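Here's a quick look at the charged side-chain pairs in this one. Have the sequence and the model open as you read.

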Amino acid sequence: MRCHIVPPHMLERIARDADDPALRDRARRTLALTSAQFADRKTAAAGAPAPSADFVPDRTIGDAGGREELPGRTVRAEGAPATGDEAADQAYDWLGATFDFFEAAYRRNSIDGAGLRMVSTVHYGDKYDNAFWNGEQMVYGDGDGVLFTGFTGPLDVTGHELTHGITQYTANLEYYGQAGALNESMSDVFGSLIKQWHLGQTADRADWLIGQGLLAPGVRGVALRSLKEPGTAYDDPRLGKDPQPAHMDHYVETYRDNGGVHINSGIPNRAFYLTATAIGGNAWESAGRVWYDTLTGGTLAADVDFAGFAAATVRSAVRLYGADAVETKAVNRAWTGVGLPQQPNG
């Protein structure tokens, strides 16, 4: 499983339309590396190993030094002091914040639930415009400085990508079509929740953006995606306009991007936002618990579609809170609000 934070439709637009030849060439190189990484995909074991009672992170940061080699030279290990390299130290801190979130919120011990070592590589490639989870570790580019800043900057980028690892070890959702869009949406949801938890934000105070701060100065946009208002994150001549739909009426049928996994994820993203804000308070506690239990409960088919996932979240809410609870009603109304009405008891 190799999942990238910057979707291919953005890179394709840059490669085709950017005025600067260097930006076009860099986008083409990033797309070529992405294709090669998918072609070299490894099959990772699904299902968590035996749990460990020792909830202590085990972090290792590597430096690729501008090369396309993993994991790179180790520059910081667990417990070692800061290196002075902003990217390396951000990667270390954000691994820790993600580990702490899943332990505190859901008693999960690292990505696999059993204390998996957390590895990140920084300074990957020459101004590489992406970050990704490759099935084994995190990888960050430095960005080109014109369209994208360094990819270690936003906490939710790290949270998003590491959640792909959690999905890999639990539901192992296919990375195509609606199941793939759900895979992407789960990462956006928990990427946002990790940031909210880290900042101590309630649902009504959160920005609900993924990659806020990642777009360089001068780019017309605020982030890569918005869970609150899919389709509004950016509108820039070089990047194009955010194509995410917020409702099934605008679902995008496409063969690109693995069947639109980064595009149609806007629909379940919006459903989570509607659920969390209807319930109120800390979004990771009730709405997040419903989504987390649905993802990790062992009942989802790998090829589940939006309707099947929606019904599963209703069942989770009923089990956790009861059929007549505020939380369950919020889940029902949220899916109805994006064009996927549910039966009261799923």
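## The count

A salt bridge here is a side-chain nitrogen of Lys or Arg within 4 Å of a carboxyl oxygen of Asp or Glu. By that rule, the count is 15 salt bridges.

Bear in mind that this is a predicted model, where local features need pLDDT of at least 70, side-chain atom pairs count only at pLDDT 80 or more, and totals for chains, interfaces and linings use all residues. Residues are numbered from 1 along each chain as its sequence is written, and side-chain values use heavy atoms, with hydrogens and water left out.

## Between two strands

Start with Arg73 and Asp63, whose side chains form a salt bridge at 3.9 Å, N to O. Arg73 sits in strand 3 (residues 73-77) and Asp63 in strand 2 (residues 59-63), so the pair, 10 residues apart, links distant parts of the chain. Helices (H or I, at least four residues) and strands (E, at least two) are DSSP runs, numbered from the N terminus.

Buried or exposed: which is Asp63? Asp63 is buried, at 13% relative accessible area, while Arg73 is exposed at 55%. The cut-offs are under 20% for buried and over 50% for exposed, with partly exposed in between (1.4 Å probe, protein chains only).

## Between two helices

Lys195 and Asp156 make a salt bridge at 2.9 Å, N to O. Lys195 belongs to helix 5 (residues 177-199) and Asp156 to helix 4 (residues 155-169), 39 residues apart. Both Lys195 and Asp156 are buried.

## Two more to look at

Glu103 pairs with Arg107 in a salt bridge, their closest N and O atoms 3.6 Å apart. Arg107 is exposed, with 57% relative accessible area.

Finally, a network of salt bridges links Arg13, Arg16 and Asp17.
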